[in-house]
Number of protein chains: 2
Amino acid sequence: MTTTEATTTALPEGYIIRRMEKQDYEGVVDTLAVLTTVGNVSKKKFDSIIDYWNSNEFEYRGSKVNLYNPHVIVDTIKNEIAATGNIIIEQKLIHDCGLCGHIEDIAVSSNHQGKKLGKCLIEKLRNVGFQAGCYKVILDCDEKNTMFYEKCKFKRAGVEMQSRL
Amino acid sequence: MTTTEATTTALPEGYIIRRMEKQDYEGVVDTLAVLTTVGNVSKKKFDSIIDYWNSNEFEYRGSKVNLYNPHVIVDTIKNEIAATGNIIIEQKLIHDCGLCGHIEDIAVSSNHQGKKLGKCLIEKLRNVGFQAGCYKVILDCDEKNTMFYEKCKFKRAGVEMQSRL
């Protein structure tokens with residue numbers, strides 16, 4: 001076990017964290033609705049995205065890396081999806097052809113809040129990034145959430161700018 | 001020609017913009033050094049990343065999309081790389097299984113500054129994202145560069161948080 005893993009916040013009893021699977025469809029869609037508009041995500045479309053995410057591997061310094069790393073926290077007692085998030089691993093030229101991890105779409109189900117699941121999830125995704133070899137892991141958040149991410153070992157680094165048609 | 005393209009800032013005479021190619025090796029490495037530490041990027045490693053970037057395609061609503069879209073602006077008179085940047089296209093579940101574009105690693109060579117090449121490059125990458133079907137295009141920047149990106153049709157959206165080991 002690495003030092004990084006040893007300091008990870010423990011999940012409450014009965015909860016596990018693992019890579020997202022096709023069986024998580026309904027719980028993931030419901031959980032993401034806490035975050036933003038999910039829209040019309042059919043089971044077929046969900047399955048095809050899981051297949052695509054799972055297939056998108058590349059080689060980095062002799063090891064296989066998944067570009068997409070969607071995760072879920074599962075309440076194994078109630079058999080419910082409690083939280084979800086992803087880390088996308090980008091191959092760059094800069095920093096010795098280094099990798100940058102992008103944490104995206106963090107959502108904790110309203111039925112499972114107040115249990116530090118968000119912190120557990122961020123720590124897990126950050127570890128996935130660093131274990132893949134990322135020299136940094138970044139994410140964008142609202143001003144009101146910066147204190148939460150500071151508790152997860154993140155620091156302010158810049159401004160997110162957005163363009164929509 | 002779409003409305004978006006019609007309003008694109010014109011490149012100065014003699015400059016072109018196109019997808020990055022293997023022949024751009026030296027100019028790209030020199031140009032990226034303006035931005036940050038590039039480190040030890042051999043020609044062989046550069047070529048393998050170009051191959052990987054070119055091969056990483058996926059299907060979105062019946063069309064092929066490149067996940068990585070590295071571009072260069074070339075001064076065809078001096079035969080020099082003048083600027084470089086990339087847009088990574090992320091497949092999400094949210095927003096009807098929508099796409100989000102991430103603009104990364106924008107650099108303009110110090111020999112070619114003051115010619116609005118940065119603005120041309122950002123407009124091009126933004127168009128690549130929207131033409132692929134992105135519902136939004138985002139980027140992270142320093143506070144001091146926000147006014148530049150506002151001129152390129154971007155708005156403040158949040159805070160970039162970063163974690164390093």
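Predicted model: local features only at pLDDT ≥ 70, side-chain atom pairs only at ≥ 80, totals over all residues.
The contact draws on 59 residues from chain A and 59 residues from chain B. Between them, the two chains bury about 5,500 Å², and 58% of this area lies on carbon and sulfur atoms. On the side of chain A, the residues that lose the most area to chain B are A:Leu93, A:Val159 and A:Met161, which together account for 15% of what that side buries.

Polar and charged groups also take part in the interface. Across the interface of chain A and chain B, 35 residue pairs are in polar contact, counting pairs with both residues at pLDDT 80 or more. Strand β8 of chain A, residues 155-163, supplies nine residues to the side of chain A that touches chain B, the largest share from this chain. Sorted by class, that side of chain A comprises 29 nonpolar, 13 polar and 17 charged residues. Four salt bridges cross between chain A and chain B. One salt bridge joins the side chains of B:Lys92 and A:Asp105, with an N to O distance of 3.0 Å.

The β8 strands of the two chains are paired with each other. Strand β8 of chain A runs antiparallel to strand β8 of chain B (residues 155-163), and the pairing extends over seven bridges. Within this pairing, A:Arg156 lies opposite B:Met161 of β8(B). In a regular strand, side chains alternate between the two faces of the sheet.

For chain A itself, an unreviewed UniProt entry places the feature "domain: N-acetyltransferase" at residues 15-165.

In chain A, A:Asp47 and A:Lys43 form a salt bridge in which the closest N and O atoms are 2.6 Å apart. Both residues belong to helix α3 of chain A (residues 43-55), and because they are four residues apart in this helix, about one helical turn separates A:Asp47 from A:Lys43.

A further local feature of chain A is a hairpin formed by β2(A) and β3(A), with two residues between the strands. Strand β2 (residues 57-60) and strand β3 (residues 63-66) of chain A pair in the antiparallel sense over four bridges. In this pairing, A:Phe58 stands opposite A:Val65 of β3(A). In the turn, A:Arg61 has a positive phi of about 50°.

Conventions. Residues numbered from 1 in each chain as written. Chains lettered and ligands numbered in written order. Heavy atoms only, no water. Contact = heavy atoms within 4.5 Å. Buried area = accessible area lost by both parts, 1.4 Å probe. Polar contact = N/O pair within 3.5 Å; in protein donor to acceptor, adjacent residues only side chain to side chain. Nonpolar A, V, L, I, M, F, W, Y, C, P; charged D, E, K, R; others polar. Pairing = 2+ DSSP bridges. UniProt positions renumbered as here; feature names shortened; annotations may be inferred.
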